[in-house]
Every structure is written in structure tokens, then in C-alpha cells.
Amino acid sequence: MIQPLRHVAEMDLYALAAVTDAEDARLVSLAQNESLRAPSPLAVAAANYTLSNGAAYPDPDWNKLRSALASRHGLTADNILCGAGSMELIAALAQCFLDGEHHALASEYSYAFFETAVARVGSRLLKAKEAAFTVNIRSLIESVTAQTRIVFVANPGNPTGTRIPTRDLLALRAALSHDILLVIDEAYGEFTEGLDAPTFDMVETGNTVVLRTFSKAYGLAAMRIGWGYFGPPICAHLRKVLNPNNINSASQAAATAAVLDDAYMRETTRLTSEIRDRFQVSLMQLGYAPPPSCANFILIPFASAEKAAFAQQRLYDGGFILRGMSGYGLPDCLRATISSEHHMQGVINILKSLRHQGDTI
């Protein structure tokens, strides 16, 4: 039998959340950081409209979507590339700039797909220590080696939800050599807009890219569409490895309409943030110490891995699927996606009942 390349054979399968039972009407999935609201009705209508022209290939250059994104963010449309989720763009960056001799760097509790994308091309991902579940710029800088070619920073972080200010990213960029690419993954960036200076201006240096997705704030996870802002030379190389016609017409139409319905997205982020903050306060009142989240989820640390597993099972029995964090090196933590007020109160009620029963978790 034919054998795969050695680095592929040695790879671990990328682990998604275990939500196979989520179709059970008794269960609510709070495991995948999906939006608490459906997509904009305008996005749904736009996607449906394209179905009558399903025999035609989609626009390979995503022109309408790029124009809408450029207008909203004040960007140059030609420097925007779109992918089948930001995952495709992350994988393409690794394919363009990494190999067995050059590696990538990320923070200790960073997005797990960074490691998968790096492993696909026979490279490896080094990790720098975090402080209080937060990216530590000094630690990242000190972890750079002569073989480092990409530094990944998810901001806000996943699975931690914490965020560092733009000034720290600028300091990191200034400390990196010109031949190291800084990749800022802002999958949850819409939840922090207006809180700080935008990072898109950093792309003008030519060695920084900023990624975003429609899976979170826009509620289009099922449509698999992400985008990024790149310097022209990086754009040219990435187009070589991106799949042509990578985003179907329905997804492009839905994403374009979602961008144009800015008020709907802003209402989603406002509602999510309010419920998240109340949920965090309730957790703290029970004695937990979740790191401050700027995303649509909260990380819940427990006293031990055993207590986290016990709580996860009790929450499942009560109808809620939370994400265990063992795969992120945090076996003593669970991650809870923010859903409706009713669902979050249900999680609090179960955790509170465990306290009352003497289960100190």
C-alpha cells in the first residue's frame, strides 16, 4: 500500500468539538463559538437568490465581497483575499512560507489550527509562555530563533478570550526582523471594534497580515468564508496556492449582504457582549476565576482536570455541551460559547447546584 509523506503520517488529526449528539433536542451546543443569532435576514435572502444560477461557477475574485469589505473598513480591495474560512488562509500562509527548515511561533494557548497548518508542510510550531492566559509579547520576542518565519497571534485569543492592545502588536512587529511574517488572527475582531486602534494599518509594512472570519459575529459559520488583508507581494504568492473558485456563490452573496447590514452585526456583538459579561460576573460570584473575555465565549478554569471533567459530564446531563480544553494544554478548563440568556443561566444553575452539593469545583 502506498504510504503518505513522513510528516503527514506523524500528524494528529485536527480535533473538532465533540458535538455529534447536538442534534438531540435535549442538548444545547456551547462548544464551537457559533453566533447566538442566525445570520442577517438580508444575508439569507441573498444566498437564496443565487441558487437559481447554481450552474455557473462563482466569482473567483470575490469582487462584490471585496468591494463591500474595502468600503466598510477603509481598505484597498485588491489587497483583500477570501478563503473557505480563515482556516484556508492560515494553511495557505504556511504553505507559502514554511518548510522543514523554518518554523512558526505562537503563544502558549493559541488557536489549535495554527499547529495543524504548520504540520501539513513538514514544519513545526514553537510556543511562547503566556501570562494570566494572555499573550506575552516579551515571551514571544525571546522565543524567536534564526529559523522563525511566521509568528501567529490570535487577538482576541482562542481559547482564552483575552486580548492585547494594538500598541503591543506594534511593539512585537518592531522587534521582529523584516523576513518574519506577523499573522494577526482577528476571528473575534468585530467584538472589539472601537475599543482600540485598528490593526489593518500594520499591513502597510509588507510583513504583517490581518485575518478575519464571517463565522462568529456574522453568524455564517455554515457558509465557510473568511478573509484577510495582505500586502501586494504576499497577495500574489497566496493566490498561487489558494483553490480557484474556493467560495461558492451563495456564501459570497451572503457575506456581502452581511457586511452591508452593519447594524445587524453590531446588534449581535452588543447582545453577545452583554450576556457574556453577566455570565462572567455570575461565574465569579460562584468562586470561579475566568479570564476577562473579549470574544463570544468564556474560559472556565477548575481546580483540577478531574473536577473539570466531572462538571463537563454534569453539564451534559443537564443538556449543555461545553468544550473540554485538554487539546489546548488546559485539561482543568472548559470553554463555554455565549448563547441566549436562558441558556447561560442554565449553565450557572448547574454549576451552582454542584456547589450546593459540596462538589468544590
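Q: Why does E341 count as partly exposed?
A: Buried means under 20% relative accessible area, exposed over 50%, and partly exposed in between (1.4 Å probe, protein chains only). E341 has 36% relative accessibility, so E341 counts as partly exposed. This is a predicted model: local features need pLDDT of at least 70, side-chain atom pairs count only at pLDDT 80 or more, and totals for chains, interfaces and linings use all residues. Residues are numbered from 1 along each chain as its sequence is written, and side-chain values use heavy atoms, with hydrogens and water left out.

Q: What makes R278 and E341 a salt bridge?
A: The rule asks for a side-chain nitrogen of Lys or Arg within 4 Å of a carboxyl oxygen of Asp or Glu. Here N to O is 2.6 Å, so the pair qualifies. R278 is partly exposed too, with a relative accessible area of 40%.

Q: Why does the pair of R278 and E341 tie together separate parts?
A: R278 lies in helix α10 (residues 262-285) and E341 in helix α12 (residues 341-356), so the parts tied together are 63 residues apart in sequence. Helices (H or I, at least four residues) and strands (E, at least two) are DSSP runs, numbered from the N terminus.

Q: Why is R212 called buried?
A: R212 has 6% relative accessibility, so R212 counts as buried. The side chain of R212 meets that of E193 in a salt bridge (2.6 Å, N to O). E193 lies in the loop between β6 and β7 and R212 in strand β7, so the pair ties together parts 19 residues apart in sequence. E193 is partly exposed, at 26%.

Q: Which residues are linked with R212 in a network of salt bridges?
A: The network holds R72, E186, E190, E193, R212, D262 and R266. The count of salt bridges comes to 16.

Q: How do you know that R239 and D61 form a salt bridge?
A: Their closest N and O atoms are 2.9 Å apart. R239 sits in helix α8 (residues 232-241) and D61 in the loop between α2 (41-50) and α3, 178 residues apart. R239 is partly exposed at 33%, and D61 is partly exposed at 28%.

Q: What makes β6 and β7 a pair?
A: Two strands pair if DSSP finds at least two bridges between them. Four bridges join β6 (residues 181-185) to β7 (residues 208-213), which run parallel.

Q: Why do β2 and β4 stand at the edges?
A: The open sheet of seven strands has the order β2-β8-β7-β6-β5-β3-β4, with mixed pairing. β2 (80-83) and β4 (125-128) each have a single partner strand, so one side of each is left without a neighbour in the sheet.
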